[in-house]
Amino acid sequence: MEKSKKISYCLFSFLSGICIFKIFGFLGIFIFLTIYFFWLVVYKKEKQTFLFAFLVFVFGMLRYEIAELIFYSHEFSEMYGKKTEISGVVTSYPERFINKQRFIVSSKSQKGKILVTQRLYPEISFGETVSVVCSVKKPEAFDSFQYQEYLKIDNVSSLCYYPKLVDIVKPENFSFRSSVYTLRKKVQKIIFRSLPEPQAGILSAMILGNKSALDKKTVSDFQKSGISHIVAISGLHIGIIAAVFIFLFPYTGLGRKKIFIFFLLFISVYLILIGMPSSALRAALLSIFVSYGYLHSRIITPEYILLWAAGIIGFFSPYVVLYDPAFHLSFSAVIGILFFRPIILFFTKKISKKFIFFQELFAVSLSAQITTAPLILFYFKGIASFSVASNILLVPYLPVIVGLGFSAIFLSLLFFKYSWIFFIPVWVLLEFFSYMSNFFAVLPFSFVEVNSFGKTFLILSYVFLFFLYYIFSRKIQK
Amino acid sequence: MKNIRFYIIIFSIFAIFFVGGEYFFYKSIFEIIFLDVGQGDSAVIKTAEGKNIIIDGGPDNTLVYKLGQYIRWPDKNIDLFILSHPDADHLIGIIELLDRYSFKEIYITGINHKTPEYKFFLRKIQEQGIKVSFAHIKDEFIFGDLRIEKIYPKENFYGREMSNANDSSLVLKVRYKNLSVLFTGDLEKEKQEELLKYNIKSDLLKFPHHGSLDSFSEEFLSTVQPDEVIISVGENFFGHPSKKVLRYLERNSVRYVTTQENGDVIFSFTDNKIIRKH
């Protein structure tokens with residue numbers, strides 16, 4: 001067996017360890033042994049790989065258990081329901097919604113994290129030390145959404161609604177993340193000052209991942225037209241940055257090594273700038289592997305890279321792998337593109353070469369829709385009927401908007417007074433974007449609600465998709 | 001690659017025509033828009049000469065999202081902002097707007113109000129160096145055919161601590177040619193009666209305090225004699241607008257419209273006629 005294949009099995013075992021232990025506890029070990037027994041029957045000579053995979057599987061289980069131990073040791077359980085003063089540092093970028101702001105406070109005394117929802121003013125900033133008095137609440141599930149699990153992604157164990165603000169102290173010491181946050185605020189200001197709403201909100205979400213800046217109507221239109229992913233910073237956005245470094249930077253005369261280091265630096269700052277959402281982390285890891293391979297003339301298979309990315313994220317935060325819908329959607333979309341795109345291209349090969357661009361766009365769009373559809377139904381209880389059409393029409397604009405947006409921001413940093421002039425092309429495209437998303441959203445049956453799509457349907461759907469892939473890929477091979 | 005270029009060029013041309021066409025046929029007229037900002041007040045006055053005036057900011061950032069529809073980009077100038085009184089449901093939306101638009105002048109009473117929102121607002125306008133006019137110093141603003149006249153308060157509220165900020169509400173008569181609109185903030189019944197001696201007769205009335213019973217005075221309404229009443233209201237626990245108020249208006253055949261039911265209420269003005277567009 002090839003070395004890369006062996007590593008893939010181990011990475012898969014590690015991720016399985018996290019997931020299986022979450023569902024079955026220690027019974028998971030027996031499940032693993034049963035599955036791998038059959039595997040051993042197929043690959044008789046791979047006893048060593050089997051043993052190593054088993055150890056990695058147990059390590060995955062341990063990693064989950066350690067995360068749980070740390071999380072529950074920092075819980076505020078003794079404070080639930082009581083009015084308490086909590087003092088700590090704001091460790092998340094505050095999200096500013098239409099009528100409230102929300103931020104995470106890392107408590108000094110309890111060493112845990114609490115999510116605070118507060119009125120819009122006074123405005124809270126990242127890195128500030130705040131003291132609040134509130135009745136601490138335990139997060140609970142609602143409408144079948146496991147909110148308490150979702151909050152674990154950020155290690156948040158408690159909630160605090162509209163507290164009395166006792167004190168706010170600005171950070172005294174310089175920190176790299178604080179200065180990146182200042183840059184983020186500056187970029188935000190440029191966007192808000194230069195564009196009207198809803199365009200400002202859309203661009204801010206596309207470039208800074210600031211989804212709280214979107215108004216209700218835009219969010220609803222995007223969801224109904226199936227293009228919500230364009231405001232979640234993921235593969236498309238990071239891919240654009242990677243493409244600039246891979247294809248344009250060699251013209252500057254810089255060596256491959258230097259380009260790669262610049263790329264690493266840029267992508268790291270950008271990830272901090274956008275608050276490191278899991279979908280962007282996944283995309284960044286993928287793009288780093290791909291860029292490394294490309295700039296060093298090495299071919300690395302995408303499936304292998306995808307497993308590495310998931311393994312790294314899982315190692316640092318098992319909760320992201322288990323509970324983050326953005327991570328699940330982002331991964332399932334990439335899996336769809338990797339496995340179903342070739343099948344769709346095969347079945348549409350009779351289309352004239354003149355339309356190859358549309359054929360490719362259709363294949364990518366449809367394949368991502370196929371594998372994300374069960375998750376969308378599970379998380380959002382409905383699906384956009386025209387998502388393939390809206391994606392084909394609108395997604396090609398995304399790189400153009402992001403590219404023009406970055407250029408306009410950069411020029412505005414130099415000439416702030418005339419910033420609106422640099423934003424004219426972006427505004428035209430975003431105006432068109434909002435119009436078209438509204439057009440798709442108001443079509444009859446644009447969003448079909450399916451309220452009874454639970455975990456069983458989710459698992460069955462993916463089993464069905466696996467068989468579908470198996471049948472079609474065999475057909476293609478023949 | 002050729003296909004991509006062709007696709008992008010065709011759609012970009014389409015997008016430019018689509019957006020540009022809308023601009024080409026746009027004609028500026030005098031309009032007053034009472035915005036549906038939920039349980040609060042906010043109105044935009046747009047003159048035919050392109051001046052933008054905002055009266056109150058509403059209870060949250062809804063104003064920020066609504067304004068893009070009425071003030072056409074790249075116009076990002078607010079010629080005058082009037083804060084009737086510093087309660088949160090009249091103030092909050094404007095604070096965010098200070099970062100997004102250029103304000104030429106702000107008109108306030110200057111009462112001493114200690115909420116974090118109001119303190120933040122004052123600090124921000126000071127930081128940005130925006131001109132502030134106080135009600136006890138300035139009585140009138142003129143923008144071409146538009147005249148904004150302060151009716152109340154006649155006394156100096158600057159620096160005064162008020163037990164009820166509603167009583168400090170600016171009452172403004174907005175005149176356009178032969179037509180007029182009365183803006184009343186959240187002024188309550190007792191204070192309304194002080195206004196009866198002035199010329200407050202108006203074609204449109206922004207009903208005080210979201211249609212509250214505390215602000216319902218039959219004398220006041222019969223002196224104003226409005227053709228139509230606008231009640232700026234949203235979902236609330238206070239019973240606004242009061243059923244008694246609505247019954248009175250119906251009984252006296254005064255047309256009324258609430259922002260909660262109608263959404264944004266838009267009036268356009270000709271020389272001697274007010275037309276409700278929405």
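Are Phe21(A) and Tyr64(A) buried or exposed? Both Phe21(A) and Tyr64(A) are buried (under 20% relative accessible area, with exposed over 50% and partly exposed in between; 1.4 Å probe, protein chains only).

## Basis

This is a predicted model, in which local features need pLDDT of at least 70 and side-chain atom pairs count only at pLDDT 80 or more, while totals for chains, interfaces and linings use all residues. Residues are numbered from 1 along each chain as its sequence is written, chains are lettered from A and ligands numbered from 1 in the order in which they are written, and side-chain values use heavy atoms, leaving out hydrogens and water.

## Aromatic pairs

Rings of Phe, Tyr and Trp (its six-membered ring) pair if their centres lie within 6.5 Å; planes under 30 degrees apart are stacked, over 60 edge-to-face, the rest tilted. The count over all chains is 43 aromatic pairs. Phe21(A) and Tyr64(A) pair edge-to-face, at 5.9 Å centre to centre and 75 degrees between the planes. Phe21(A) lies in helix 1 (residues 3–24) of chain A and Tyr64(A) in helix 3 (residues 47–73) of chain A, so the pair ties together parts 43 residues apart in sequence. Helices are DSSP runs of H or I, at least four residues, and strands are runs of E, at least two, numbered from the N terminus.

One aromatic cluster is formed by Phe21(A), Tyr64(A), Phe71(A), Tyr72(A), Tyr319(A) and Tyr323(A).

## Thr84(A)

Thr84(A) belongs to strand 1 (residues 83–90) of chain A. Thr84(A) counts as buried because its relative accessibility is 15%.
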